[in-house]
Amino acid sequence: MRTTPTCLTCVLGDVYAAAQQVTPDVGIQLKVAKDCMEFLAQTFGHEQVPSYYITEVHRILKRDTGIAIPFEESRRQLNQVGLQIAERLQQQAERLEGLERFRFLATWALAGNSLDSRTVGIGYVFDPENTLQYLQGYVDRGLARDDLDQLYQLVQAETPILYIHDNVGEIALDKIFIQELRKSGCRVTSALRGGPITSDATLEDGRMVGMGAAVDRLIQAGPDTLGISWDEASPELREAMQQAPLIVAKGQANYYVFSEYRAQLPGEVFCLFTVKCQPVADVIGVQPKQAVGIFL
């Protein structure tokens with residue numbers, strides 16, 4: 001999916017809100033805003049996916065503020081809370097079997113996609129009870145578009161999977177879902193970013209939640225990009241995308257890329273994410289803030 005004109009205000013609003021959160025210095029906030037507007041004035045257009053622009057303005061944010069890891073404390077807290085919630089969910093899942101168990105873990109992994117310290121509105125001191133209650137609301141609403149049963153059939157056939165992650169915190173819920181995929185006989189390769197940007201999970205975050213022990217192979221997707229970048233993808237990710245019979249991609253930013261380059265991928269592509277904006281909602285045929293699990 002390529003950038004639309006309405007993406008402009010979203011990109012600027014996102015990075016300026018981030019600047020306000022990472023520094024109280026109004027002068028630096030304004031410099032971030034000015035530098036981002038100059039960049040967008042020179043480059044903004046329909047040729048790129050939206051995540052390209054979000055990546056670049058957040059790189060400007062890191063450069064202008066001198067903060068290498070924005071939201072560092074929130075990222076750490078979300079991973080810790082995610083692990084605590086995952087432990088509870090694992091206990092609940094033990095009482096389930098088959099498709100019901102699969103859907104339970106997949107739906108909670110999807111609910112985890114709504115965990116974004118910049119947008120969820122649950123503050124910046126995360127505790128398991130409030131966060132669990134927040135996520136339960138997403139689980140209770142269900143999926144607006146739901147291809148999970150078809151995904152289950154591929155999993156039962158022991159189809160090898162390339163699993164591309166999205167956010168911190170969320171990855172702890174991904175981990176217990178991946179454990180279920182492997183229990184069904186699927187070989188799972190997990191791809192995480194090589195550097196921090198916004199709330200996207202990195203290899204270091206993966207190690208923090210024990211992802212290495214949960215998957216068959218852990219690879220770097222690329223540098224500090226929002227979602228994966230088709231242009232900046234690592235050699236390992238490029239090879240994995242061409243070889244994978246099934247790609248499971250979390251998050252709207254990854255949907256941008258896979259929907260745009262779908263024809264260049266030989267395997268099945270399944271996207272699992274919360275719809276964040278009207279342009280994407282219009283394409284998929286749902287409403288913003290609804291969750292979807294769809295094959296492309």
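Q: Arginine 193, buried or exposed?
A: Arginine 193 is buried, at a relative accessible area of 1%. Buried means under 20% relative accessible area, exposed means over 50%, and partly exposed lies in between, with a 1.4 Å probe and protein chains only.

Q: What kind of model is this?
A: This is a predicted model, where local features need pLDDT of at least 70, side-chain atom pairs count only at pLDDT 80 or more, and totals for chains, interfaces and linings use all residues. Residues are numbered from 1 along each chain as its sequence is written, and side-chain values use heavy atoms, leaving out hydrogens and water.

Q: Back to arginine 193. Where does it lie?
A: Arginine 193 is in the loop between strand E3 (188-192) and helix H9 (203-208). Helices (H or I, at least four residues) and strands (E, at least two) are DSSP runs, numbered from the N terminus.

Q: Which backbone oxygen lies 3.4 Å from a polar atom of its side chain?
A: That of threonine 225. A polar contact is a pair of N or O atoms within 3.5 Å; within protein, one must be able to donate a hydrogen and the other to accept it, and residues adjacent in sequence count only if both atoms are side-chain atoms.

Q: New topic. What domains does the assignment give?
A: Domain 1 covers 5-65 and domain 2 covers 72-295. These bounds come from an automatic or database domain assignment.

Q: How many Å separate their centres?
A: 25 Å, taken over C-alpha atoms. The contact between them takes twelve residues from domain 1 and 15 residues from domain 2. Contact means heavy atoms within 4.5 Å.

Q: And how much area do domain 1 and domain 2 bury between them?
A: About 1,200 Å², with 54% of it on carbon and sulfur atoms. Buried area is the accessible area (1.4 Å probe) that two parts lose on being put together, summed over both.

Q: How many salt bridges are there between domain 1 and domain 2?
A: Three. A salt bridge is a side-chain nitrogen of Lys or Arg within 4 Å of a carboxyl oxygen of Asp or Glu. The interface also has five residue pairs in polar contact, both residues at pLDDT 80 or more.

Q: Which helices each supply at least two residues on the domain 1 side?
A: H1 (7-22) and H3 (50-65). H3 gives the largest share of that side, eight residues.

Q: What classes of residue does that side have?
A: Three nonpolar, five polar and four charged. Ala, Val, Leu, Ile, Met, Phe, Trp, Tyr, Cys and Pro count as nonpolar; Asp, Glu, Lys and Arg count as charged; the others, Gly among them, count as polar.

Q: Where is lysine 62?
A: In helix H3. Lysine 62 is buried, with a relative accessible area of 15%.

Q: What does lysine 62 touch?
A: Leaving out residues up to four places away in sequence, lysine 62 touches Ile67, Ala68, Pro70, Pro196 and Asp224. The backbone oxygen of proline 196 lies 2.7 Å from a polar atom of the lysine 62 side chain.

Q: What does aspartate 224 form with lysine 62?
A: A salt bridge, with the closest N and O atoms 2.8 Å apart. Aspartate 224 lies in the loop between strand E4 (217-220) and helix H11 (235-243) and lysine 62 lies in helix H3, so the pair ties together parts that are 162 residues apart in sequence. Both aspartate 224 and lysine 62 are buried.

Q: Which residues are linked in a network of salt bridges?
A: Glu56, Arg59, Lys62, Asp224 and Glu232. In the bridge of glutamate 232 with arginine 59, the closest N and O atoms are 3.2 Å apart.

Q: What's the salt bridge count by this rule?
A: 20. One of them pairs arginine 63 with aspartate 35, the closest N and O atoms being 3.2 Å apart. Arginine 63 lies in helix H3 and aspartate 35 in helix H2 (residues 26-43), so the pair ties together parts that are 28 residues apart in sequence.

Q: Arginine 63, buried or exposed?
A: Arginine 63 counts as exposed, at 54% relative accessibility. Aspartate 35 is buried, at 13%.

Q: Last one. Where is glycine 45 found?
A: In the loop between H2 and H3. Glycine 45 is buried, with a relative accessible area of 15%. Glycine 45 and threonine 3 are 42 residues apart in sequence and 6.8 Å apart in space, C-alpha to C-alpha.
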